[in-house]
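Please look over the model below before reading on.

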Amino acid sequence: SDVQQQVLALPRRNHLHEFGVLDFLDLGVDRDEGLPEHRSEFLSWSGFKSYPIPVQRPGVPIIVGGSKGKVFERIAKLGDGWYAPSGNVAQLAELLTPLRKACAAIGHDPTSVEISAMWIPAAEGIDAVKRYADLGVSRLVVPTFAIGGSSDEALDRFAGEVLAKIR
């Protein structure tokens, strides 16, 4: 539907059925109007539109998080990126092996998967940023608890003491 296409990057919708994401809905779409419609025993709706429409084509990037089960297969088949739930650089390095294997199994270039990882500066130090980059990480997420909270003071201190040394 138009709404799912905008929210879930619907060009990949067929793959979402593999994981049961859309199986619970029997969606009907008026292809001429492009408006979603659903009618079931418990729910009936139609005519929804969502704005603004994403400028990305084919849609918003799909970032898959996790490291258990079939997540690496899902990343290889469906994902534009991966949020790696690792506690440090060494742990992330180990998780790259199953990601690379899953990508190789379907002929997907693993370097095309944008990797995001959590970084705790006090635990790993500033030198870890280069090690993450060497592994192919393009985004580090720093939780606010790791910098003393989300106050302006904590953010300014982090910018001055940590970010200034990286950039």
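1. The bend at a residue is the angle between two axes, one fitted to the seven residues ending there and the other to the seven starting there. Helices (DSSP runs of H or I, at least four residues) and strands (E, at least two) are numbered from the N terminus. With these terms, α7 has a kink of about 35 degrees, centred on Ala159. Helix α7 covers residues 152-166, which is 15 residues, and reaches 20 Å from its first C-alpha to its last, close to the 21 Å expected at 1.5 Å a residue. The expected span is 1.5 Å times one less than the number of residues.

2. This is a predicted model, in which local features need pLDDT of at least 70, side-chain atom pairs count only at pLDDT 80 or more, and totals for chains, interfaces and linings use all residues. Residues are numbered from 1 along each chain as its sequence is written, and side-chain values use heavy atoms, with hydrogens and water left out.

3. pLDDT is the predictor's confidence in each residue, from 0 to 100. Its mean over the chain is 80, and 78% of the residues reach 70 or more. Over residues 1-32 pLDDT stays under 50. Where pLDDT is low, the predicted coordinates should not be read in detail.

4. The chain holds seven helices and seven strands. Along the sequence they follow the pattern α-α-β-β-β-β-α-β-α-β-α-α-β-α.

5. Buried means under 20% relative accessible area, exposed over 50%, and partly exposed in between (1.4 Å probe, protein chains only). Of the 167 residues in the chain, 31% are buried. In α7 the buried residues are Ala154, Phe158 and Val162, and they pack against α5 (121-124); contact here means heavy atoms within 4.5 Å.

6. A nonpolar core is a set of buried Ala, Val, Leu, Ile, Met, Phe, Trp, Tyr and Cys residues joined through side-chain atoms within 4.5 Å. The largest has 25 residues, of which Phe72, Ile75, Trp82, Leu99 and Tyr132 touch the most other members. Among the elements that give two or more residues to this core are α3, β5 and α7, while α4 gives the most, with seven.

7. Because Phe72 lies in α3 (residues 71-78) and Trp82 in β5 (residues 81-84), the pair ties together parts 10 residues apart in sequence. Phe72 counts as buried at 7% relative accessibility, and Trp82 at 0%.
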